[in-house]
Amino acid sequence: MAKTVADVMTSHPATVEADQPVSVAASLMRDHDTGALIVNDKGRMKGIVTDRDITVRVVADERGPDTPVREACSASVEAIGPDTSIEQAVRLMRTHAVRRLPVVEDGRAVGVVSLGDLAVERDPSSALADISAAEGNR
């Protein structure tokens with residue numbers, strides 16, 4: 001059974017630079033089949049942007065596809081290290097009501113752990129684990 005986030009995280013997360021337009025972020029989400037990207041500023045993690053962020057902070061506010069990612073992302077993000085325990089990751093997700101936690105070493109994202117990753121690990125027979133483990137769900 002996995003003990004640390006490194007055991008269950010998605011390595012090499014998809015990233016976007018903060019100054020790129022949200023249209024680039026949306027294309028990257030499509031191409032990587034993911035709903036979230038790590039936002040970097042010169043290679044250093046500065047936040048996370050989700051498909052929901054783009055919908056709520058850009059589309060709903062009638063802003064254009066050239067809006068910089070930095071204006072759509074969540075910059076205040078809880079991040080964890082790869083040696084963080086699974087239990088601590090679950091507690092942080094509950095406390096901060098988030099579905100994903102960037103995994104960071106030396107200021108650089110090395111992975112992402114999601115609610116689905118933890119569901120597959122902790123309760124593989126749950127509906128969330130079944131959905132998360134299905135091909136094409138990231």
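Tutor: Let us begin with contact, which means heavy atoms within 4.5 Å. By that rule, and leaving aside neighbours within four places in sequence, Arg 100 is in contact with Gly 35, Ala 36, Ile 48, Thr 50, Met 93, Val 112, Val 113 and Ser 114. Residues are numbered from 1 along each chain as its sequence is written. This is a predicted model, in which local features need pLDDT of at least 70, side-chain atom pairs count only at pLDDT 80 or more, and totals for chains, interfaces and linings use all residues, while side-chain values use heavy atoms, with hydrogens and water left out.

Student: Why is Arg 100 called partly exposed?

Tutor: Buried means under 20% relative accessible area, exposed means over 50%, and partly exposed lies in between (1.4 Å probe, protein chains only). Arg 100 has a relative accessible area of 28%, and is therefore partly exposed.

Student: Where is Arg 100 placed?

Tutor: Arg 100 is in strand β5; strands (E, at least two residues) and helices (H or I, at least four) are DSSP runs, numbered from the N terminus.

Student: How do you know that β5 and β6 pair?

Tutor: Two strands pair if DSSP finds at least two bridges between them. β5 and β6 have six bridges, in the antiparallel sense, and Arg 100 stands opposite Ser 114 in β6. The two strands form a hairpin with two residues between them, and Asp 106 in the turn has a positive phi of about 55°.

Student: What makes β1 a partner of β6?

Tutor: Strand β1 (residues 10-11) and strand β6 (residues 108-114) pair in the antiparallel sense over two bridges, and at least two are required. Thr 10 has Val 112 as its bridge partner in β6, and Ser 11 has Gly 111.

Student: What makes the contact between Ser 114 and Asp 117 a polar one?

Tutor: A polar contact is a pair of N or O atoms within 3.5 Å; within protein, one must be able to donate a hydrogen and the other to accept it, and residues adjacent in sequence count only if both atoms are side-chain atoms. The backbone nitrogen of Ser 114 lies 2.9 Å from a polar atom of the side chain of Asp 117.

Student: Is Asp 117 buried or exposed?

Tutor: Asp 117, in helix α4 (residues 115-122), has 16% relative accessibility and so counts as buried.

Student: Which residues of the lining lie nearest the centre of the second largest pocket?

Tutor: Thr 50, Ala 97, Val 98, Arg 99 and Arg 100 do, out of 17 lining residues. The lining divides into six nonpolar, four polar and seven charged residues, where Ala, Val, Leu, Ile, Met, Phe, Trp, Tyr, Cys and Pro count as nonpolar, Asp, Glu, Lys and Arg as charged, and the others, Gly among them, as polar.

Student: What is meant by a pocket and its lining?

Tutor: On a 1 Å grid over the protein atoms alone, a pocket is an open set of points where a 1.4 Å probe fits, with protein on both sides within 12 Å along at least five of seven lines; lining residues have an atom within 4 Å of a point. α2 gives the most to this lining of the second largest pocket, with four residues.
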